[in-house]
Amino acid sequence: MSNGDDDPADASEEADAADDGGDAGESAETAAPTLPDDATEESLNEYLDEIADRLEAAETEADLDDVEALLDDAETGIAEADLPEPDEDDEDADDPRGDLEDRVAELREGVEEARGPYGDDVVDAIETAAGRVEETEWTEDGHDDVAAAVASFVDAAADAIDDAAADAIDEADEDPEALLDEAADGEETAAAQPTPVDQLTAALDAVAAAVAEAGFDADEDADVIAALLAATDDLEAALDDAEEWDDLETHEQLRAQGYYDVLGHYKDFPVEWAALKEHEAQGNVDMILLALDSLQSEFMERHCLEAFERMGKRGKTEASVEEILGRAEKRDRPAIRILGKMAAEEATDTLVEYVPEDSNPQLQKAVFKALGEIGAPEAVQPLADQLDPDGDTDDLVRPHAARALGLIGDTRAVKPLADALEAHPSDDVRAAAGWALRQIGTREALEAVAEYADERSFVVSTEGEKAQQALDETEPAPTA
């Protein structure tokens with residue numbers, strides 16, 4: 001893509017043509033969208049639709065710069081627009097400004113994804129590979145494979161650079177091919193004496209310096225950059241295949257079971273993490289479990305569990321529930337959160353046991369939310385017991401119990417929630433009880449909340465007003 005450094009004269013001519021209206025029919029295609037004078041949710045969404053169309057049609061870096069500028073205008077317009085604000089006490093309330101800001105953020109991500117690749121991306125990939133070569137402890141066979149991979153990469157990269165910028169290699173501080181030749185010439189028998197690691201990394205550093213010296217343009221040199229990235233892909237693939245001393249048995253097992261098969265071009269290191277993200281995107285639950293079991297590091301364990309939490313119900317299988325439930329049985333809060341996201345009914349009995357654990361409020365919060373997300377009817381009475389103002393449960397925890405009852409939606413919770421709404425000393429608990437009754441949504445539940453539409457407490461009266469509105473909407477229309 002272009003870097004946007006267009007000739008000022010050309011830009012002036014284009015501006016004059018735009019002012020004159022250009023050819024009939026052409027201005028409609030090329031004119032940039034204009035921020036609406038009457039900034040409403042609908043007009044701003046239409047404006048963002050036009051920006052999205054321009055992003056899809058963008059072909060150069062300059063085009064993407066224009067889209068970025070339009071998004072800046074959109075962000076300003078949204079900030080200044082007189083849009084309705086959401087009700088802070090209603091988790092389900094519409095938020096027009098937030099929705100528009102989310103669209104702008106998504107479009108900005110689209111701009112970043114469309115940019116490049118750049119010469120700097122090649123440099124970063126080479127430096128990453130050089131770091132792996134230097135920091136990894138290779139077996140003897142692995143070292144030979146690494147040396148061969150580096151030599152192959154240097155040849156391919158030198159050919160690509162010479163085709164586009166013949167002087168770049170000559171002007172770099174060191175010639176990468178010469179460095180490898182010197183290493184071979186310095187040994188009586190090259191086969192018996194492998195190329196030292198510092199020579200391999202020096203050759204890679206020299207290629208990176210040559211790429212930086214060439215100053216490749218993302219638009220004009222797109223083919224060259226693509227060829228260099230393909231060469232770095234081949235190098236990284238060869239490094240993946242080369243044998244390491246550390247954790248050799250684990251990597252062999254993972255490779256044999258296809259754990260790394262999902263990897264194509266990637267930038268994240270270590271490769272196990274890169275593969276994990278691909279497995280998460282593809283919903284490969286068995287492979288995430290394989291990584292969790294095989295890769296005994298806190299780093300990978302955390303990322304495997306976070307993958308399951310993001311996947312939610314997509315990650316629920318008999319095997320995954322068994323693994324996460326085993327962790328939850330040790331009162332592990334991340335595991336409990338995952339079981340809730342999975343809506344794992346199998347975890348109900350275990351989680352219900354933790355409901356009364358008044359000495360651990362943070363555990364209770366996680367358990368209450370998980371039971372609500374699961375929709376566990378067995379938890380109704382234990383959760384209702386937590387609303388008792390004379391109990392030992394922390395007042396900051398009781399609203400979570402009420403909301404969990406609302407998520408479960410069982411009508412058996414109507415009476416204890418109504419009692420809490422009527423008599424509990426905490427307005428936070430009363431408001432949560434009102435919200436829960438609205439979620440249950442029966443006439444009895446709504447009527448219990450609607451009585452408090454004129455309540456002195458704003459958070460409670462808000463729930464009462466919404467309940468009354470819901471009742472009004474369910475009233476049959478008067479007959480003529």
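Biologist: Which residues of helix 25 are buried?

Modeller: Val 460, Ser 461, Thr 462, Glu 463, Gly 464, Lys 466, Ala 467 and Leu 471. Buried means under 20% relative accessible area, exposed over 50%, partly exposed in between (1.4 Å probe, protein chains only). Helices (H or I, at least four residues) are DSSP runs, numbered from the N terminus.

Biologist: What are the ground rules here?

Modeller: This is a predicted model, where local features need pLDDT of at least 70, side-chain atom pairs count only at pLDDT 80 or more, and totals for chains, interfaces and linings use all residues. Residues are numbered from 1 along each chain as its sequence is written, and side-chain values use heavy atoms, with hydrogens and water left out.

Biologist: Back to helix 25. What covers its buried residues?

Modeller: The cover includes helix 22 (414-423), helix 23 (427-440) and helix 24. Contact means heavy atoms within 4.5 Å.

Biologist: How do helix 24 and helix 25 pack?

Modeller: Helix 24 (residues 443-450) and helix 25 (residues 458-474) make an angle of about 135 degrees, and their axes are 7 Å apart. Axes are lines fitted to C-alpha atoms, for helices over the stretch in contact, and angles run from 0 to 180 degrees between N-to-C directions. The pair is therefore oblique. Angles under 35 degrees count as roughly parallel, over 145 as roughly antiparallel, 65 to 115 as roughly perpendicular and the rest as oblique.

Biologist: Which residues meet there?

Modeller: From helix 24, Arg 443, Leu 446, Glu 447, Val 449 and Ala 450. From helix 25, Glu 463, Gly 464, Ala 467, Gln 468, Ala 470, Leu 471 and Thr 474. That contact has 6 nonpolar, 3 polar and 3 charged residues. Ala, Val, Leu, Ile, Met, Phe, Trp, Tyr, Cys and Pro count as nonpolar, Asp, Glu, Lys and Arg as charged, and the others, Gly among them, as polar.

Biologist: New topic. Where is Asp 38?

Modeller: In the loop between helix 2 (26-30) and helix 3 (41-57).

Biologist: Is Asp 38 buried or exposed?

Modeller: Exposed, with a relative accessible area of 58%. The C-alpha atoms of Asp 38 and Gly 77 are separated by 9.9 Å, and the two residues are 39 residues apart along the chain.

Terms used. Helices (H or I, at least four residues) and strands (E, at least two) are DSSP runs, numbered from the N terminus.
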